[in-house]
Amino acid sequence: ARPMTKSQLSIINAAYRAVDGSATFDVTIPLRILVTEDSSLRLAPGPKSGLLGFYDIALGAEKELVVEYEYRGVRHRVISPDEEPLVLPQRRHQASE
């Protein structure tokens with residue numbers, strides 16, 4: 001496994017959750033594995049329940065992916081609807097202090 005320190009993109013915390021709050025599943029490790037050599041993460045459109053390490057946590061419920069990450073030492077946060085594609089890093093995810 002390649003060292004995490006080489007990547008400029010670091011997934012701090014990630015949760016796959018039902019929008020209504022009925023279920024949450026920690027997907028920090030599965031997302032860390034998907035970070036590429038060029039320090040990016042790209043998830044295709046469609047339900048995230050099909051990704052390695054994910055599952056459908058709430059059948060029939062609307063779901064979202066919440067990701068907290070650091071890129072070049074700056075904290076970012078994004079809430080992505082389940083069916084939407086997701087690309088990290090993006091400046092608009094930057095957390096306001």
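A residue is called buried if its relative accessible area is under 20%, exposed if over 50%, and partly exposed in between (1.4 Å probe, protein chains only). The model is predicted: local features need pLDDT of at least 70 and side-chain atom pairs count only at pLDDT 80 or more, while totals for chains, interfaces and linings use all residues. Residues are numbered from 1 along each chain as its sequence is written, and side-chain values use heavy atoms, with hydrogens and water left out.

**Exercise 1. The chain as a whole**

Task: State which elements the chain contains, and compare its radius of gyration with that of a compact globule.

Solution. Step 1: Helices (H or I, at least four residues) and strands (E, at least two) are DSSP runs, numbered from the N terminus. The chain has 1 helix and 6 strands, in the order β-β-α-β-β-β-β from the N terminus.

Step 1: The radius of gyration is taken over C-alpha atoms, and the globule rule is 2.2 Å times the number of residues to the power 0.38. For 97 residues a compact globule would come near 13 Å, and the chain agrees because its own value is 13 Å. Along the principal axes, the C-alpha atoms fill a box of roughly 40 × 35 × 20 Å.

Step 2: Of the 97 residues, 37% are buried. Contact means heavy atoms within 4.5 Å. Among contacts between residues at least 6 apart in sequence, 55% join residues at least 24 apart.

**Exercise 2. Pairing of the strands**

Task: Determine which strands pair with E1 and E4, and describe the hairpins.

Solution. Step 1: Two strands pair if DSSP finds at least two bridges between them. Strand E1 (residues 9-18) runs antiparallel to strand E4 (residues 63-71), with 9 bridges between them. In this pair, Asn13 stands opposite Glu68.

Step 1: E1 is also joined to strand E2 (residues 24-26), again antiparallel, by 3 bridges. Here Tyr16 stands opposite Phe25. The two strands form a hairpin with 5 residues between them, and Gly21 in the turn has a positive phi of about 85 degrees.

Step 2: E4 is joined to E5 by 8 bridges, and these strands run antiparallel. Val67 stands opposite Val78 in this pair. E4 and E5 form a hairpin with 2 residues between them.

**Exercise 3. Backbone angles**

Task: Describe the phi angles of Ser39 and Arg72, and the peptide bond from Leu88 to Pro89.

Solution. Step 1: Most residues other than glycine have a negative phi, and most peptide bonds are trans.

Step 1: Ser39 has a positive phi, near 60 degrees. Ser39 is placed in the loop between helix H1 (28-34) and strand E3 (41-43). At 7% relative accessibility, Ser39 is buried.

Step 2: Arg72 also has a positive phi, near 50 degrees, and is found in the loop between E4 and E5. At 60% relative accessibility, Arg72 counts as exposed.

Step 3: The peptide bond from Leu88 to Pro89 is cis, with omega near 0 degrees. Pro89 belongs to the segment after strand E6 (86-88).
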